[in-house]
Amino acid sequence: MAEYLASGIDISQFNGDVNIAALRGKVDFIIIRCGYGNNYADQDDTQYWNNVRKCQAAGIPFGVYLYSYARNQTMALSEAQHTLRLLQGLQPLYGVWYDVEDATLPDGDILINNCLTYCSALKSAGYYCGIYSFLNWMQTRLNSPRLSHIDRWVAQWNSQLDYEGAGMWQYSDRGVINGKIFDLNRAFRDYPAIIEGKDWTDMTKDEVRSLARQEAQAVYDQNERRYPTIADVPSWARDSVEEVYRRLELTGTGSEGQQNIDASHTYIRVMYVLAKLLHKIDEGDLQKELQALNQLDPPQPGTPAP
């Protein structure tokens, strides 16, 4: 399991009037419920604004989540509007999370479409958005490649997390801080740095891999084909390359009569060394050096001389 970078809690009106100032130095972040369901004021979390202001006063970065009851995309969009209404003027440095766990929620493509609708609306408005749910749903109902680009906050009340790639982990619902019980969380990503730097993407893992392969190939091609012809070789090595090609009767990769080589810098250096080696052979220096080595370490009886 990856090392976590920060630890925190999540709270709602069910935690009552939380003394957030007393949590300074004991938590790194707080995720605050803003409300639930469609965009109705009476479905705002009654402690939301109190909790936001207390976090601001205490200097504790926070995130926001909304509990979903959406049964279709129209309701999911209303839930996004509900969240956006309560985010005006705020920058939640621990993201916005779509709480998808209620037993009344649909499954299959309807649930997937709801998640895409909500998260797309939040991202379009400039917010970092992920999905919260418990482990079983993450591994089953939410295990769709269509959602693979969306961050996950996984609830598994255990000593270890059995989900690869999660951004956050809710590992307990019975944590005690200052004598009060809270849900406990760990963050595996530096969300403030990500969010302030706007360094997030809608790309899927397959799209990222494809782009990485393309870029790697482009770098490779650029390096390996740096000198398409002998005429493009740097002046310090051009004569050497021409000599090696002539004496070893190398033809290059181009059409007949062309000195096309599509060579990398490493290849040119090898040609330069080969030219020097050919000169040594011509001058007899190489044979002299081999003879000198033999004299320093004469062969054992019965061993053929080199």
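This is a predicted model: local features need pLDDT of at least 70, side-chain atom pairs count only at pLDDT 80 or more; totals for chains, interfaces and linings use all residues.
1. Zooming out, E5 and E6 belong to a closed barrel of 8 strands, in the order E1-E2-E3-E4-E5-E6-E7-E8. Pairing around the barrel is mixed. On average, neighbouring strands of this sheet are turned by 30° against each other, if you ignore direction.

2. Helix H2 (residues 73-87) packs on the sheet. Have a look at its contacts: H2 touches strand E2 (29-36), strand E3 (62-67) and strand E4 (96-99). The direction of H2 makes about 150° with that of E3.

3. Then there's the pair H7 (residues 235-247) and H8 (residues 265-283), whose axes are 8 Å apart and which pack at an angle of about 65°. Angles of 65 to 115 degrees count as roughly perpendicular, so that is the label H7 and H8 get relative to each other. Their crossing is left-handed.

4. Who meets whom in that contact? On the H7 side you'll find, among others, Trp236, Val241, Val244 and Tyr245. The H8 side includes Tyr267, Ile268, Met271, Leu274 and Leu278. Charged residues turn up too, including Glu243 and Arg247 in H7 and Arg269 and Asp282 in H8. The residues of the contact of H7 with H8 split into 12 nonpolar, 3 polar and 4 charged.

Key
Residues are numbered from 1 along each chain as its sequence is written. Side-chain values use heavy atoms; hydrogens and water are left out. Two strands pair if DSSP finds at least two bridges between them. Helices (H or I, at least four residues) and strands (E, at least two) are DSSP runs, numbered from the N terminus. Axes are lines fitted to C-alpha atoms, for helices over the stretch in contact, and angles run from 0 to 180 degrees between N-to-C directions. Contact means heavy atoms within 4.5 Å. Angles under 35 degrees count as roughly parallel, over 145 as roughly antiparallel, 65 to 115 as roughly perpendicular and the rest as oblique. A crossing is left-handed if the near helix is turned anticlockwise from the far one by less than a right angle, and right-handed if clockwise.
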